[in-house]
Amino acid sequence: MTAQHPSPLHPMTYSTRGADPATAPAFLTPLDHMGSGLPGSGLSWLNELRAAGRERFAAVGLPTIKNESWRYTNLRDLAKLTFQPAAPAAAAIDLLPTVRAEGQDGPRMVFVDGRFRADLSSVDGLPPRVDLLSLDAALSTHAGLLADHLGRLAAADDRPLVALNSAYLADGAVLHVPANVQVERPIELVFVSVGSESQATTCHPRMLLIAEAGSKAVVVEHHVGRGTGTTLSNHVTEVFVGEGATLHHYKSQREGAGAIHLSHIAATVATGGCYDNFILTTGAKLSRNEVVSRLDGTEARTHVSGGYLVRGTQHADTTTLIVHAKPNGTSREVYKGVIDDTARAVFQGKITVCPDAQKTDGYQLNRALLLSDGAEIDSKPELEIHADDVKCSHGCTAGELDDDALFYLRARGIDRDTAQGLLIGAFLSESLEEIAEESIRDAFQGIVAGWLEEQK
Amino acid sequence: MAAQPETVEQVRAVTEQKYKYGFTTDIESDVAPKGLNEDIVRFISAKKEEPEWLLDWRLKAFRVWQTMEEPQWAAVSFPPIDYQDAHYYAAPKKKAGPKSLDEVDPELLKTYEKLGIPLREQEILAGVEGSEGKSPAIAVDAVFDSVSVATTFKAKLEEMGIIFCAISEAVQKHPDLVKKYLGSVVPYTDNYYATLNCAVFTDGSFVYIPKGVRCPMELSTYFRINQANTGQFERTLIIADEGSYVSYLEGCTAPQRDENQLHAAVVELVAMDDATIKYSTVQNWYPGNAEGVGGIYNFVTKRGACRGRNSKISWTQVETGSAITWKYPSCILQGDNSVGEFYSVAITNNFQQADTGTKMIHIGKNTRSTIVSKGISAGKAQQTYRGLVKILPRAEGARNHTQCDSLLIGDKCGAHTVPYIESRNRSARIEHEATTAKISEDQLFYCRQRGISEEDAVSLIVNGFCKEVLKELPMEFAVEAQKLVGISLEGSVG
């Protein structure tokens with residue numbers, strides 16, 4: 001409790017406290033060699049966005065644990081490595097993950113080391129006027145749309161990694177659903193980290209999801225790894241949910257043992273809209289998922305839930321912020337975690353209710369299960385309430401499997417491993433049930449079952 | 001009030017000699033000149049006729065303090081404090097006290113009356129001559145502006161081997177005990193305000209309960225801040241030896257003063273095997289007026305160490321006063337099976353700010369902790385619960401339950417919850433719950449319909465909300481605390 005952090009009431013201006021400017025050059029030097037090779041270099045607003053990101057990151061570098069938001073996740077080891085921007089990989093990729101039943105197809109975009117691979121993707125079958133394309137392509141065809149939205153939500157001021165992403169801004173996915181259009185089939189976005197055996201590589205994918213008033217869409221992200229090299233993927237996603245629109249945004253992160261997965265999602269929800277987010281983390285040696293969901297209209301809703309399953313020496317950080325800026329908003333957050341071996345999980349969840357946001361209903365739950373003596377959980381559920389007519393609560397627990405429940409199953413002839421698996425499965429299902437789309441819930445349940453299978 | 005003869009003698013001896021570090025002391029007010037430097041630290045130490053080791057310790061702390069930065073992380077804001085613009089020592093005026101309660105400031109008596117302090121205690125608190133030793137049921141060690149003036153019931157306690165005296169007296173009479181435990185829970189390098197306290201603390205209480213002794217009465221200290229512009233830096237040290245029990249009450253009242261006064265106390269508790277310390281606080285210092293002018297800055301470090309097996313430390317606090325409160329009474333649960341408790345009611349009204357909570361550090365096996373925090377925010381006040389529950393790998397079977405509830409009255413105030421929960425032992429069970437709500441219209445309507453005024457209704461409902469904590473207070477305090485809840489929320493509705 002001695003570290004400094006921006007006071008919730010009196011945000012501090014950004015200082016280099018909790019930052020390490022010395023780490024910046026290693027990340028920025030390769031960028032300087034790329035020169036004007038980045039797409040869209042003729043767009044002045046984009047050049048400004050990139051330059052601002054570059055300048056910000058150069059001034060502060062990677063966050064350190066003195067930064068209150070990073071007190072439990074140490075990027076020290078990152079600073080020791082030299083990352084090269086990932087080369088566009090032509091590698092053949094087979095067996096792409098999907099939530100679809102066999103034989104079915106649907107809209108899918110595949111990115112390898114952050115670069116769009118048209119040969120592996122298909123955007124067919126979308127309703128008319130729905131745009132789903134790579135950021136690289138959108139910079140030439142939809143520059144106006146991007147100018148209006150990119151960098152509007154993900155503030156780089158106090159988030160060095162968002163700044164770094166902006167500096168490298170080159171490719172990613174853009175989804176634009178016009179007003180009152182319903183996209184029924186889930187849109188799959190597959191991110192494959194291949195990297196290199198000989199050196200550590202990095203990529204900075206950027207995504208933009210726009211659901212205009214009254215529209216609906218379902219987006220599923222899969223993050224997987226191929227190869228054993230060290231990869232750092234630093235994702236930034238900006239989400240705009242219009243009046244009465246609904247966007248379901250699901251993500252499964254199953255990157256390899258050499259992967260570092262950093263992600264920042266910033267969403268804004270207009271009146272009567274709903275942003276539904278679920279993140280299942282099982283992969284990467286180090287991961288951090290930041291989700292910021294702002295209810296900027298009245299009667300807006302957001303669900304920010306997920307599960308984290310870690311073992312070995314994995315480190316998984318979940319940091320969420322829900323901002324109720326307008327009255328009558330509802331937010332719900334259910335996170336469940338299982339931690340084994342000497343793995344470590346971090347959960348920082350904050351709900352802010354602004355002075356005007358009367359009649360807010362906020363609920364947050366984080367429960368962690370520790371399976372071994374070396375496992376660690378650090379939780380920081382936070383409430384910041386500036387309105388009086390609100391109902392906000394959070395709950396947080398940590399502990400091991402219930403001995404009585406285990407005994408009950410053992411007494412019925414179920415072996416220890418199976419009994420444990422059953423109980424862990426049941427424990428996690430509470431958060432998986434937050435997934436509204438059945439096909440996706442089933443697919444994510446399959447991932448959990450696979451994880452438990454490996455456990456034995 | 002009649003002070004202990006030795007205290008009188010001591011004060012006279014010190015004050016009559018010319019101060020040898022460069023300035024003379026005005027004997028009438030007996031206030032050190034404004035400012036903070038090594039000379040002031042030496043001056044305080046000399047006034048107290050302290051041994052060399054204590055002066056050295058103070059100076060070490062002062063030098064560390066000069067290198068420290070004021071903490072910024074708490075959710076409170078105030079203009080920067082000029083540490084040079086305060087007196088660091090103020091002994092009470094030696095002129096005769098009032099002869100009876102009739103001569104005491106009626107405003108002060110009104111506050112006492114509202115609080116329900118027994119007449120006899122009022123006399124002692126107001127400094128009426130000859131009131132000492134009449135018949136209070138509680139042993140009172142009244143601290144007036146940094147110097148402990150009277151200690152009652154001392155003889156009776158002495159029979160049982162209990163030491164209850166001013167810490168400056170303990171330094172003279174029981175130097176070994178003080179030397180052994182002072183700074184052992186809150187080291188002189190601990191934090192900005194605690195370190196400042198180490199350098200300039202003037203007085204406070206010292207309690208030692210010998211092995212196997214159950215202290216037969218509640219030990220109590222009333223703190224008051226009288227002199228304008230004086231920082232108050234008490235140092236309290238309580239040691240409960242094996243198998244002993246003590247319940248300690250700390251109450252605070254301060255008369256109305258315009259300028260902000262800094263209060264940076266340090267309280268250290270040490271509980272050995274099977275010992276129990278119950279520490280209760282009712283804090284109702286001047287919170288500033290309705291416009292947020294004036295009031296006390298209460299930046300306090302309180303920490304207890306459960307050193308022994310089966311030891312227990314229980315903190316209960318009712319915080320209604322002060323302009324700014326920055327306070328985290330904590331427990332270090334070192335001994336196996338030791339227990340830590342924290343019960344808190346914090347009420348902030350008008351422009352008050354409070355950032356308060358606790359730390360429970362579980363080190364030993366089967367250590368248990370309970371946290372119940374009730375925060376009430378009204379007017380334009382801001383309140384934060386900030387707490388840490390930390391389970392270290394060796395704390396097999398540790399258990400924590402935390403309940404933080406906030407109640408908001410009015411739409412201009414804020415209530416925040418910032419708990420940190422860190423577990424490194426799988427067999428540990430931790431539960432944390434927090435809720436935020438407002439007084440429901442239904443409850444208010446129900447009371448109003450039965451002819452209860454709005455203000456009384458709010459007081460009633462809030463008292464119900466706090467009941468879980470208030471019932472932990474010793475009887476004498478519980479009544480006082482309930483009334484305080486009502487007084488603190490005056491003017492918050494309607």
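This is a predicted model: local features need pLDDT of at least 70, side-chain atom pairs count only at pLDDT 80 or more; totals for chains, interfaces and linings use all residues.

Student: Which domains does chain A have?

Tutor: The domain assignment gives domain 1, covering 19-297, and domain 2, covering 402-456. Taken over C-alpha atoms, the centres of domain 1 and domain 2 of chain A are separated by 31 Å.

Student: How many residues does each domain bring to the contact?

Tutor: Domain 1 of chain A brings 12 residues and domain 2 of chain A brings 10 residues.

Student: And which strands supply the domain 1 side?

Tutor: At least two residues each come from strand 11 (216-225), strand 13 (246-254) and strand 15 (274-281) of chain A. Strand 13 of chain A gives the most to that side, with 4 residues.

Student: What kinds of residues are on that side of domain 1?

Tutor: On the side of domain 1 of chain A that touches domain 2 of chain A, 7 residues are nonpolar, 3 are polar and 2 are charged.

Student: Let us turn to helices. How does one describe two that pack together?

Tutor: One gives the angle between their axes and the distance between the axes.

Student: Then what are the values for helix 1 and helix 2 of chain A?

Tutor: Helix 1 (residues 24-34) and helix 2 (residues 44-60) of chain A pack at about 150 degrees, and their axes are 8 Å apart. Because of that angle, helix 1 of chain A is roughly antiparallel to helix 2 of chain A. Their crossing is left-handed.

Student: Which residues meet there?

Tutor: From helix 1 of chain A come A:Ala24, A:Phe27, A:Leu28 and A:Leu31, and they meet A:Arg54, A:Phe57 and A:Ala58 of helix 2 of chain A. By class, this contact has 6 nonpolar, no polar and 1 charged residues.

Student: What about helix 7 and helix 8 of chain A: at what angle do they cross?

Tutor: Helix 7 (residues 403-411) and helix 8 (residues 416-432) of chain A cross at roughly 130 degrees, and their axes come within 9 Å.

Student: Why are those two called oblique?

Tutor: An angle must be over 145 degrees to count as roughly antiparallel. The crossing at roughly 130 degrees therefore makes helix 7 of chain A oblique to helix 8 of chain A. The crossing is right-handed.

Student: Which residues make that contact?

Tutor: Helix 7 of chain A contributes A:Ala405, A:Leu406, A:Leu409 and A:Arg410, while helix 8 of chain A contributes A:Arg416, A:Ala419, A:Leu422 and A:Leu423. They divide into 6 nonpolar, no polar and 2 charged residues.

Student: How does helix 8 of chain A cross helix 9 of chain A?

Tutor: The axes of helix 8 and helix 9 (residues 438-455) of chain A come within 11 Å and cross at roughly 150 degrees. Helix 8 and helix 9 of chain A are therefore roughly antiparallel to each other, and their crossing is right-handed. Among the residues that meet are A:Gly421 and A:Ile424 in helix 8 of chain A, and A:Phe444 and A:Val448 in helix 9 of chain A. The contact has 6 nonpolar, 4 polar and 1 charged residues.

Student: Now the two chains. How many residues of chain A are in contact with chain B?

Tutor: There are 39 residues of chain A in contact with 39 residues of chain B. Strand 22 (376-385) and strand 23 (391-399) of chain A each give two or more residues to the chain A side, and the largest share, 10 residues, comes from strand 22 of chain A. That side divides into 17 nonpolar, 12 polar and 10 charged residues.

Student: In what sense does strand 23 of chain A pair with strand 22 of chain B?

Tutor: Strand 23 of chain A and strand 22 (residues 429-438) of chain B pair in the antiparallel sense over 7 bridges. A:Gly395 stands opposite B:Glu433, which is in strand 22 of chain B.

Terms used: Residues are numbered from 1 along each chain as its sequence is written. Chains are lettered from A and ligands numbered from 1 in the order in which they are written. Domain bounds come from an automatic or database domain assignment. Two residues are in contact if their C-beta atoms, placed from the backbone, lie within 7 Å. Ala, Val, Leu, Ile, Met, Phe, Trp, Tyr, Cys and Pro count as nonpolar, Asp, Glu, Lys and Arg as charged, and the others, Gly among them, as polar. Axes are lines fitted to C-alpha atoms, for helices over the stretch in contact, and angles run from 0 to 180 degrees between N-to-C directions. Angles under 35 degrees count as roughly parallel, over 145 as roughly antiparallel, 65 to 115 as roughly perpendicular and the rest as oblique. A crossing is left-handed if the near helix is turned anticlockwise from the far one by less than a right angle, and right-handed if clockwise. Two strands pair if DSSP finds at least two bridges between them.
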